[in-house]
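Colleague: Could you take me through this model, one step at a time?

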Amino acid sequence: MDSALILQARNLTKRYGANIIFQDISLDVQKGETIVIIGPSGTGKSTLLRCLNLLTHVDSGQIFLEGEEITAPGINEDRVRQQIGMVFQNFLLFNHLTALDNVMLGLTKVRKLPKPQAHEKAMHELARVGLADRAGHYPGQLSGGQQQRVAIARALAMDPKVMLFDEPTSALDPELIGEVLGVMAQLARENMTMLVVTHEMGFAREVADRIVFMEKGHIVEQGAPDDLFERPQHARTREFLWKITELYGKKEKK
Amino acid sequence: MSAFIELFLRFLPDLLSGAAMTLLLTAEGLAAGFVLGLLAALGRTYGSKVWHALATAYIELFRGTPLLMQIFLLYYGLPGFGITLSREWAAFLALGLNSGAYQAEYLRGSILAIGEGQMIAGRAIGLSRWKTIWHIILPQALRLAIPAWANEPVSLLKSTAVVFLIAVPELMAKAKAIAAKTYDPIGAYLAAAVLYLVMVYLLDAFMKWMERKSLIPGLETK
């Protein structure tokens with residue numbers, strides 16, 4: 001694996017009014033790395049992801065994408081977002097467009113590809129998530145798991161340098177979670193750089209190169225899955241892991 | 001009854017030319033109002049401060065005063081500022097401006113109903129704010145607006161009747177002329193009423209058809 005630094009967050013702080021969402025977060029992401037961010041709800045994990053692709057802006061700190069500071073004033077944010085894909089908890093597909101058109105839109109309107117090329121690329125991405133046969137379906141005609149896979153294909157179509165996943169399976173029925181995690185695991189094997197916020201500990205353990213435990217707006221601890229799960233250094237990490245395995249059970253370990 | 005049919009047939013060409021003018025005023029007013037309404041709705045939802053303020057002032061002003069007063073101001077008032085409008089232009093402008101204020105509110109409601117999520121999803125693939133509005137928000141908002149918005153063409157069609165007061169030769173003006181000529185106001189106005197009913201019926205049927213055509217598969221509410 002190429003271990004070049006691709007995304008770098010330095011001392012990020014985000015507040016809403018007097019409310020500190022996270023403070024002084026620094027994170028280095030290597031090319032091809034899969035990082036899973038875990039932690040209790042309301043600890044700023046989702047906001048951190050949104051800040052990384054500039055959907056929300058940090059109050060202080062710097063973010064670098066391949067060495068270029070994307071938090072610098074005057075940066076073309078649309079161009080940055082094009083290079084950082086994002087998948088949301090509630091899918092957020094464009095409801096008036098077919099699966100194919102959902103994936104094609106960014107190709108024709110942002111990357112300005114001619115229609116035939118955009119079509120070919122979009123079909124390729126849909127096939128990648130196993131949905132080539134659903135290209136003509138509207139989001140309302142797809143299951144939650146299929147919608148989320150279309151959303152992944154839509155993000156992949158832009159050939160992003162990094163993919164951010166914000167609790168991608170939290171809104172899914174249990175029997176649909178597997179198909180989405182399967183696609184994500186396959187992306188990880190293809191060396192896509194990924195940051196994943198999730199409560200799926202089985203996925204974290206099997207797929208992640210690194211786990212980051214966040215609580216109350218801070219990174220408490222990070223490390224390789226085995227180290228963090230078997231030998232957590234902080235009492236809070238132990239407590240959280242114990243609680244979440246109680247909740248989700250051992251069934252996570254396949 | 002036979003007297004009424006006789007009157008109806010005798011003045012049918014007159015009535016039809018009046019109805020044609022009514023339809024023309026409705027179509028023009030609706031189109032102008034749609035453009036104005038869309039601009040005002042966008043101003044109030046995604047516009048800059050100035051745009052938002054202008055849109056709000058426009059909507060309040062034209063929804064808050066009677067249509068007839070707006071027509072009189074444009075037709076009798078503007079010449080005082082050196083601007084003289086023909087009857088048809090005054091009627092068209094007043095109807096368009098008035099309808100736009102109402103359409104703005106229908107459209108604003110449906111734009112808001114689309115929600116922030118679609119905007120975020122658009123931005124996340126690198127679309128600019130206005131491209132997201134154009135390609136993602138509006139196509140959905142306009143569909144969503146149709147059932148409520150469908151009241152506007154019908155309401156506007158009937159509102160055009162007031163422009164007979166500045167002597168635009170539409171259906172109401174024709175009916176009034178026929179009443180004066182025949183000394184049969186009941187027959188004359190009923191004849192016009194029949195034509196209004198037919199136009200409203202056709203307009204309603206068209207709106208229903210448009211609503212069906214614009215449904216997004218999988219999103220129908222049953």
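Modeller: One definition comes before the rest: a strand here is a DSSP run of E with at least two residues, numbered from the N terminus. The model itself is predicted.

Colleague: Which residue in the turn between β4(A) and β5(A) has a positive phi?

Modeller: Strand β4 covers residues 60–65 of chain A, and β5 covers residues 68–69. The two run antiparallel, joined by 2 bridges, and A:Phe64 stands opposite A:Glu69. They form a hairpin with 2 residues between them, and the one with a positive phi, about 50 degrees, is A:Glu66.

Colleague: Which residue in β4(A) stands opposite A:Leu7?

Modeller: β4(A) also pairs with β1(A), residues 5–16, through 5 bridges, and these strands run antiparallel. Opposite A:Leu7 stands A:Leu65.

Colleague: Is α5(A) roughly parallel or roughly antiparallel to α6(A)?

Modeller: Helix α5 (residues 144–156) and helix α6 (residues 174–189) of chain A have axes 8 Å apart and pack at an angle of about 20 degrees. Angles under 35 degrees count as roughly parallel, so α5(A) and α6(A) are roughly parallel.

Colleague: How many residues of the contact of α5(A) with α6(A) are nonpolar?

Modeller: Among the residues that meet are A:Ile152 and A:Leu156 in α5(A), and A:Val180 and A:Leu187 in α6(A). The contact has 2 charged residues and 4 polar ones, and the nonpolar ones number 7.

Colleague: Which residue of chain A meets B:Arg123 in a salt bridge?

Modeller: Chain A gives 24 residues to the contact and chain B gives 21, with about 2,000 Å² buried between them. The count of salt bridges between the chains is 1. At 3.1 Å, N to O, the side chain of B:Arg123 meets that of A:Asp78.

Terms used: Residues numbered from 1 in each chain as written. Chains lettered and ligands numbered in written order. Predicted model: local features only at pLDDT ≥ 70, side-chain atom pairs only at ≥ 80, totals over all residues. Heavy atoms only, no water. Pairing = 2+ DSSP bridges. Helix = DSSP H or I, 4+ residues; strand = E, 2+ residues; numbered from the N terminus. Axes fitted to C-alpha atoms, helices over the stretch in contact; angles between N-to-C directions. Parallel < 35°, antiparallel > 145°, perpendicular 65-115°, else oblique. Contact = heavy atoms within 4.5 Å. Nonpolar A, V, L, I, M, F, W, Y, C, P; charged D, E, K, R; others polar. Buried area = accessible area lost by both parts, 1.4 Å probe. Salt bridge = Lys/Arg side-chain N within 4 Å of Asp/Glu carboxyl O.
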